[in-house]
Amino acid sequence: MTKIDVPIMAELSTQGHQPEYLFWVGCAGAFDKRYQKVTRAFAQILNAANIDYAVLGTEETCTGDPAKRAGNEMLYQMQAMQVIETLNGYGVKKVICTCPHCFNIIKNEYPELGGDYEVIHYSAFIQQLVDSGQIKVNQEGLKNKRITYHDPCYLGRGNGIYEAPRKVINHFNIDYREMKRAKSFSLCCGAGGAQMFKEAEKGQKEVYEERTADVLETGANIVATACPFCMTMLTDGIKFANKDEDVINMDIAELIAQNLVD
Amino acid sequence: MNQLVFTIILIAAIAVLLRSFWQIRANFALTRDVAFDGQVMKRLRLTAKVALGQTKILRKPFIGLMHALVFWGFIVITIGSLEMVIDGVSGWHRSLSIVGPLYTVIAASGDIFAYVVLAGIILFLARRLLMHIRRFEGAELTNANKTDAAIALGFIMLLMLSLIGLNMTDLYLHGSELPGAYPVSASLLPYFDLSTVNAEVMYSFYWWTHILLIFIFANYLPYSKHFHVFMSLPNVFFSNLNPLTYLPSMPEVQKEVALMLSGNAYDAAPPEQPRRFGVKDVEDITWKNYMDALTCTQCGRCTEVCPANITGKLLSPRKLFVDIRARMDEKSKNGSGHFLLGDYISKEELWACTTCNACAQECPLNISHPNLIMDMRRYLVLEEGDAPDELNAMFANIENNGAPWKYSAEDRLKWTEA
């Protein structure tokens with residue numbers, strides 16, 4: 001693949017331009033091999049819709065969320081203060097996040113530390129672009145596929161965003177199936193609360209196995225996610241169940257980016 | 001004479017109850033204070049919806065509806081209980097009938113609900129005692145807890161039976177002269193032959209049994225998980241209005257971070273020592289955490305949906321609040337040398353949480369489990385430096401390169417090239 005053009009906040013700033021949106025990439029978005037593709041997909045969508053945005057690039061740093069959820073409030077606040085200083089320095093007003101954990105913490109927990117922004121989850125942003133016709137999508141692009149969607153906890157239960165990702169998916173003419181545990185009843189992938197960075201405590205099985213069983217029960221060819229951690233967990237779960245020939249895990253941004261019509 | 005005896009018993013019952021409340025108040029005084037946000041209207045609406053409207057318990061439609069009927073019945077029947085207290089002190093009979101036609105509605109709904117509640121309680125007892133329902137099992141549900149559940153349900157069952165007996169005998173004695181309407185009892189009365197017994201004695205028996213059961217039950221509640229009868233409304237009123245995944249920052253850490261970032265850490269006066277970072281024992285929890293513990297009726301809806309629990313890990317969200325209550329009871333009896341964290345709740349439980357908030361979502365009374373877990377993790381990390389090795393490695397990565405993984409900030413744009 002070729003390099004894609006992404007506007008950098010510092011560069012725009014020296015040109016005296018203040019973009020409307022900051023696209024907060026997040027650590028998984030920047031470094032996780034699989035999830036980098038999702039970041040690319042979302043940037044392609046932003047470019048296709050001619051959105052006035054920028055990323056922080058090398059100036060971005062961890063929001064502090066995994067530290068906070070693991071009890072390290074000191075490290076969290078050091079990170080948060082650093083991020084807020086950068087964002088306020090650029091006069092950022094609107095932030096788009098892909099990662100629901102970044103989204104939750106910037107939206108709900110940064111204001112009390114002096115970081116007040118309009119924080120938008122990319123699922124809602126994409127839905128808006130699709131609904132308003134700012135991007136054109138081949139609605140037959142996923143023909144004959146069966147698809148299900150896994151609710152990330154920090155997006156759904158945490159922030160009540162259940163419909164936007166579903167509307168994005170159902171923009172395609174596809175066979176959409178809900179899992180038996182969906183929306184506010186959804187089962188966690190097992191990665192939240194800093195579990196992503198450690199082995200699980202001992203038990204009878206991994207949480208992702210339990211959740212993958214829900215996915216497989218729908219008979220879906222695609223399980224869509226909207227969170228980097230959920231993606232890692234469900235991709236592992238599908239491999240673990242030896243179903244990687246039958247089911248693939250894709251992000252909602254990838255579904256749209258791969259079916260963009262010029 | 002009856003009035004005097006009744007009044008003395010009433011005063012004694014209230015006095016004992018107040019004594020129990022006084023102890024609970026003393027327990028609250030041990031806990032940490034958090035400011036009330038003053039959003040009264042919003043909270044009243046929430047209470048109307050979640051507590052009175054029973055919206056969250058109805059997430060399980062059938063058994064939720066049974067509970068809702070019992071709860072609504074309880075409210076209606078309580079009006080009748082107040083009337084009995086007035087009757088008992090004054091020597092009148094059905095004193096609330098002075099309200100006129102409305103009394104028919106009160107009496108009729110009380111009569112109907114007595115049977116509905118009885119049916120509900122029999123079902124609940126069968127579920128607790130005969131059926132093996134997963135959420136009524138678990139390490140924290142000791143035999144004492146199971147007995148407590150059965151006793152509470154037994155009380156309510158006897159209360160309903162005595163109320164039904166009271167209505168029937170009253171109807172038999174007064175016929176159409178009796179103020180109010182008692183549709184179910186009236187339609188069942190012909191099937192009972194009361195002519196062979198002394199109906200007046202039976203009426204007195206049921207009346208006294210019912211009111212004495214109320215007094216005993218009320219005084220049993222402060223020592224029972226069924227205390228949720230008292231706590232549910234206030235607990236919902238004071239519950240979290242923020243998104244479920246909102247975890248408040250620690251203000252005491254904020255001060256230290258501000259000092260460090262300003263570079264004046266050494267010049268400034270030493271900050272006053274906070275009691276303790278995070279939660280180690282019951283004096284570190286907030287009054288709301290303790291209220292949650294008093295509210296929990298051990299229904300297990302939280303544990304039933306916990307991903308850690310489902311997959312066989314030690315964590316059971318319900319256990320946290322059972323533990324808080326037990327530890328508080330021990331502490332109030334001067335149980336020194338023990339701590340909530342360590343002696344009741346293990347580190348293994350705390351580190352198993354994914355903070356998915358399924359527990360908090362499911363709790364019919366808006367108890368917040370994950371933030372309590374986070375507060376205990378805060379104690380472990382900030383006071384003891386005791387985190388799993390992999391998490392310490394994650395902390396080090398964030399400190400050194402601003403990401404939880406070992407990647408350099410220089411590479412943050414690599415994704416554009418891949």
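User: What radius of gyration does chain A have, against that of a compact globule with 262 residues?

Analyst: The radius is taken over C-alpha atoms, and the globule rule is 2.2 Å times the number of residues to the power 0.38. For 262 residues, a compact globule would come out near 18 Å. Chain A agrees, because its own value is 18 Å.

User: What kind of model is this, and how is it numbered?

Analyst: Residues count from 1 along each chain as its sequence is written, while chains are lettered from A and ligands numbered from 1 in the order in which they are written. Local features need pLDDT of at least 70, side-chain atom pairs count only at pLDDT 80 or more, totals for chains, interfaces and linings use all residues, and the model is predicted.

User: Which handedness does the β-α-β unit of β3(A), helix α6 and β4(A) have?

Analyst: Helices (H or I, at least four residues) and strands (E, at least two) are DSSP runs, numbered from the N terminus. Strands pair if DSSP finds at least two bridges between them; β3(A) and strand β4 (residues 118-121) pair in the parallel sense over four bridges. A crossover is right-handed if, with the strands pointing away from the viewer, the path from the first strand over the helix to the second runs clockwise. With helix α6 (residues 100-109) of chain A, these strands make a unit that is right-handed.

User: Which residue of β3(A) stands opposite F23(A)?

Analyst: Strand β1 (residues 21-24) and strand β3 (residues 94-97) of chain A pair in the parallel sense over four bridges. Opposite F23(A) stands I96(A).

User: Is A194(A) buried or exposed?

Analyst: A194(A) sits in the loop between β7 and α10 of chain A. Its phi is positive, near 75°, though the residue is not glycine. Buried means 20 or more other C-beta atoms, placed from the backbone, within 10 Å of its own; exposed means 12 or fewer, and partly exposed is in between. A194(A) has 28 within 10 Å, so it is buried.
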